[in-house]
Amino acid sequence: MSVLPIDHLEKIEGWGGAVSSFGYVYRPATVEGLREVFELARRSNRNITFRGSGRSYGDAALGAENIVLDTSRMNRILSWDPNSGIITMEPGVTIEQLWQYIIEDGWWPPVVSGTMYPTVGGCLGMNIHGKNNFKAGPIGEHVLSFDIMLPSGEIKTATPDSESELFYSAISGFGMFGVFTSITMQMKKVYSGLLHVKAWTTKNLHELFEIYQQHIPGSDYLVGWVDCISSDEKLGRSIVHQANYFKPGEDQNPAQSLRVSNQSLPNTILGIFPKSFVWMLLRPFTNNAGMKFINWLRVFVSRLPVVGKPVYEQSHAEFAFLLDYVPGWKKSYGQGGLIQYQSFIPKESAEKVFRKQIEMCQEAGLPPYLGVFKQHKPDKFLFTHSVDGFSLALDFKVTEKNREKLWSLCAKMNDVVLANGGRFYFAKDATLRPQDFKAFLGEETLKKFAELKKRYDPENILQTDLSRRLVL
Ligand SMILES: Cc1cc2nc3c(=O)[nH]c(=O)nc-3n(C[C@H](O)[C@H](O)[C@H](O)COP(=O)(O)OP(=O)(O)OC[C@H]3O[C@@H](n4cnc5c(N)ncnc54)[C@H](O)[C@@H]3O)c2cc1C
């Protein structure tokens, strides 16, 4: 391994701030620039890690001692057809850029994450899901084609029908086969900038499942916030939000509601606190007692007739990007940061498994401070995290003192997930062990992975801290 210029050396963190490493960061703006970075890696005998916006919670976009190839400057929209809703873009285009570019023509990205800052390339790397996964599938199902540069420098074009093996493995392939250089996607037609939103509160986890069963068929989006601190008969009490598209002609003023300026997230919370300071107000509450109070407050407010209106209208951006309301909210978790633990469980055992997980966390004295519940459907991408069932994403505060205990709690929860045929998601992971990786993917997928890696990256140049933790 030869020495690289020291001014490229940067400490890079996973989004949660709980894991980090030092890598040599390069940010090319063109395809030629990408190729030069590949050549540099070969000359210097270094591995390469791809990185978009670095919004994966753990170590998926970190590469200790590697060349970290950051694609965020490759962010041009290459073509857009407002009649068909087909867009071609570079991989560093963010979801924010994308929706802002297309919405005034009456289109919206078919799948978005809870934050608008990831890049489209990074979203394909993980094959992200939205609050509509049960209906729309993951983002990969809306990709018409992509160009990908392999470590050899060759660029291949893949569609669901040609180079389909590459198509179904590079999407979801956590940066293990090549770097997307251009992506063509089908957007979703919308007839208003607004959504019809309905909210329900449930007394416990069982009622949450009941609400889902009743309302999934009539929902375009459905998401549940779960209180993971309450116990006994209140264990898993929740607030569920449903959002549905407007039908054609229903919005009398679509040109107005579709304007980017009418989508913006409010600058204040509850009309009082400037958003940029809110994380400071949250900081004294990011402990077990404080979060118990916050959770109680959320449920209380959601039941107030004035604030907690059960039926209302909200812009797409407000509904989709709830987590962007409070900029820098992760800073309220303090220096140790946070991890997210998301497991996906088949519908038959999901209620039992999530109850068990919440109980295990409470017994360990490590209750999650945020729980998010979604319904999913299976997809055919190689490293799919999805199942015909549900997921629960749990946010944990990390401190120097609790770190070991937290990792061991996650390992125990993994055993429960695996015993029930569940799956995991690399975008959210920091704690999986190699045996969990093997068990959830299964022998056939691992064999295919080895075969494809040999075909597209025979020298194993593409590595991340996550792949080294789990695969090697
Ligand atoms: C607040 C918050 C909310 C979130 N909500 C959701 C959610 O609702 N649903 C969901 O599914 N996810 C969610 N996520 C996770 C996030 O959407 C994914 O981690 C996504 O992959 C981040 O994109 P990125 O551009 O930051 O990619 P990075 O995190 O930088 O990279 C992700 C992976 O893609 C690879 N990669 C990046 N660029 C390329 C490229 N051009 N070519 C090939 N590989 C590449 C990287 O090597 C890495 O393995 C959330 C994250 C946060 C922080």
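User: What makes E17 and E21 the edge strands of the open sheet of eight strands?

Analyst: The order is E17-E12-E14-E13-E19-E20-E18-E21, with antiparallel pairing. Two strands pair if DSSP finds at least two bridges between them. E17 (311-315) and E21 each pair on one side only, so by the pairing rule they are edge strands. This is a predicted model, in which local features need pLDDT of at least 70, side-chain atom pairs count only at pLDDT 80 or more, and totals for chains, interfaces and linings use all residues. Residues are numbered from 1 along each chain as its sequence is written, and side-chain values use heavy atoms, without hydrogens and water.

User: How many bridges join E12 to E17?

Analyst: Five bridges join E12 (residues 194-202) to E17, and the rule asks for at least two, so the strands count as paired. Leu195 has Gln314 in E17 as its bridge partner.

User: Why is Ser172 called buried?

Analyst: Buried means under 20% relative accessible area, exposed over 50%, partly exposed in between (1.4 Å probe, protein chains only). Ser172 is at 3%, so Ser172 counts as buried. Ser172 lies in the loop between H5 and E10 (179-186) and has a positive phi of about 90°.

User: Is Asn45 buried or exposed?

Analyst: Asn45 has a relative accessible area of 56%, so Asn45 is exposed.

Conventions. Helix = DSSP H or I, 4+ residues; strand = E, 2+ residues; numbered from the N terminus.
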